[in-house]
Amino acid sequence: MRAMHRRRYALLLETTGNEVSLFPFLSIFLCVMGVLSFLNLINSAIAPSKVMLVGDVAQGYKTAYQILCLPEGMVTVPPLKRLPELQQAPGGQAGELVQLMQQRQAQRTKLAEKLENLASVATEPEDEAVLPLLQEIDKINRLARERKILYEEFILFGIYPDGGSVYHKIRAVLLKHPELGIGVGMEPLNTNWRLSLAEE
Amino acid sequence: MKQLLNVNSLTDIVSNSVGILIIFAVLNIAHESGKTHQVDVPLEHETEHLPAFFIVKDDAIVYLEPERVFFNAMAQARQGNADAGETFDLGYMRLQGEMHPTLEFIIRPKDTVHWHDISELDEPDSPLLQTLDSLDKEKQYAYFFVYDEADLETGAGSGYAMFRRTRAYLKEHGLQSGWRPVDADNPPHFCFWDDEAVCNNYAPSYRAGE
């Protein structure tokens with residue numbers, strides 16, 4: 001009888017001893033799901049949205065050179081994604097293109113560190129700062145035409161509230177140089193919209 | 001009897017931790033990917049259409065009826081009430097005019113008391129919607145002067161919200177639109193006697209809906 005009890009007990013231990021109880025996991029799982037969902041809701045409501053500006057162009061080859069207009073000044077976001085394709089196409093001035101690409105990469109890297117505080121990297125839109133930027137875009141566009149690459153940069157203004165005066169200063173420089181033939185797009189941005197550096 | 005090592009607690013804790021981390025990672029990825037909005041911004045382009053001008057300030061909008069605004073201005077000028085730098089009442093929607101040496105004809109709103117409110121966009125057959133519907137999409141496009149001055153902390157005060165909604169309505173109804181930000185230093189202005197691009201640059205940038 002005692003042996004039978006021992007066998008039964010051993011069998012009971014065998015069948016029940018190593019089972020994993022799911023109850024603690026499920027209870028914690030549901031609690032955490034509820035808390036995370038709540039946190040997500042709160043986060044969505046109060047956190048700034050990221051915004052990626054892209055030009056709505058039928059041709060599909062125009063690429064935006066973004067200029068964000070803040071009350072503190074302008075922040076430039078040069079495109080980079082398709083420049084290697086331009087640089088690899090046969091044609092002169094390859095060295096200049098490489099240098100330009102390196103400058104733009106450095107600019108974007110610096111900007112990536114300051115996405116949460118763009119005002120800290122905003123610069124005054126003086127003519128001496130704006131005109132070289134326009135000439136750079138013009139040079140890229142000319143090089144693309146010479147190398148028969150379907151690529152053209154245009155300026156895309158993202159205008160934050162109270163950034164209108166910055167926009168007008170830059171636009172005045174553009175209007176003084178119609179020979180550059182640079183296209184323009186513009187969009188009003190909300191105060192809590194933050195830039196996304198992802199390129200299409 | 002031999003004491004077996006009980007791994008129940010360890011297994012529970014490990015499975016809880018792994019499960020929570022997986023859930024957290026999935027939620028984070030879903031949350032981050034959903035929070036980047038792509039805003040399509042059209043380009044300015046040439047058009048044969050004529051502009052219909054609007055001014056947008058705070059959550060209000062006013063249509064600049066050419067017969068009322070421009071003719072009133074010319075009448076004031078003929079009467080000698082529109083000397084350079086002096087403001088005069090346009091007798092329309094609390095707007096004032098000013099002749100400027102380079103900007104030519106400037107419009108400044110005194111206030112938006114009689115303007116159309118943003119709520120009219122939600123009311124069928126409201127005066128604002130009647131005005132927007134009266135535009136001829138075959139011959140006209142809408143051009144907005146949007147005041148961008150806002151409370152820097154709350155973002156309130158700029159005309160952006162009103163402009164976006166009006167633009168969206170027009171796009172649904174087949175009308176192109178363009179805009180520029182304006183403020184006290186860069187007010188809405190028109191050049192009647194100057195063809196320079198610096199002055200007359202009202203181009204549509206948003207194409208109409210298909």
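This is a predicted model: local features need pLDDT of at least 70, side-chain atom pairs count only at pLDDT 80 or more; totals for chains, interfaces and linings use all residues.
Start with the charged pairs. Over all chains, the count of salt bridges comes to 12. One of them sits in chain A, where Arg82(A) and Glu85(A) pair up with their closest N and O atoms 3.1 Å apart. Glu85(A) is partly exposed, at a relative accessible area of 38%, and Arg82(A) also falls in the partly exposed class, at 25%. Chain A has a salt-bridge network as well: Arg104(A), Glu136(A) and Glu153(A) are joined into one through shared partners.

Over in chain B, Asp111(B) forms a salt bridge with Arg94(B), and here the closest N and O atoms are 2.6 Å apart. This one links distant parts of the chain, 17 residues apart: Asp111(B) belongs to the loop between β6 (104-109) and β7 (116-117), while Arg94(B) belongs to the loop between β4 (87-89) and β5 (95-100). Arg94(B) is partly exposed, with 35% relative accessibility.

Another chain B salt bridge brings together the side chains of Glu98(B) and Arg108(B), at 3.1 Å from N to O. Glu98(B) is in strand β5 and Arg108(B) in strand β6, so the pair ties together parts of chain B that are 10 residues apart in sequence. What about burial? Glu98(B) has a relative accessible area of 10% and is therefore buried, the cut-off being under 20%. Arg108(B), on the other hand, counts as partly exposed at 27%.

Now for the rings. The structure holds 14 aromatic pairs over all chains. Among them is an edge-to-face pair in chain A, Phe157(A) with Tyr167(A), at 5.0 Å centre to centre and 90° between the planes. Phe157(A) is buried at 0% relative accessibility, and Tyr167(A) is buried at 3%.

In chain B, Phe105(B) and Phe190(B) make a tilted pair, with 6.3 Å between centres and 35° between planes. Phe105(B) lies in strand β6 and Phe190(B) in strand β10 (residues 189-190), so this contact ties together parts of chain B that are 85 residues apart in sequence. Both Phe105(B) and Phe190(B) are buried.

Finally, a charge meets a ring in chain B: the charged end of Lys57(B) sits over the ring of Tyr147(B), 4.8 Å from the ring centre.

Technical notes: Residues are numbered from 1 along each chain as its sequence is written. Chains are lettered from A and ligands numbered from 1 in the order in which they are written. Side-chain values use heavy atoms; hydrogens and water are left out. A salt bridge is a side-chain nitrogen of Lys or Arg within 4 Å of a carboxyl oxygen of Asp or Glu. Buried means under 20% relative accessible area, exposed over 50%, partly exposed in between (1.4 Å probe, protein chains only). Helices (H or I, at least four residues) and strands (E, at least two) are DSSP runs, numbered from the N terminus. Rings of Phe, Tyr and Trp (its six-membered ring) pair if their centres lie within 6.5 Å; planes under 30 degrees apart count as stacked, over 60 as edge-to-face and the rest as tilted. A charge sits over a ring if NZ of Lys or CZ of Arg is within 6 Å of the ring centre and within 35 degrees of the ring normal.
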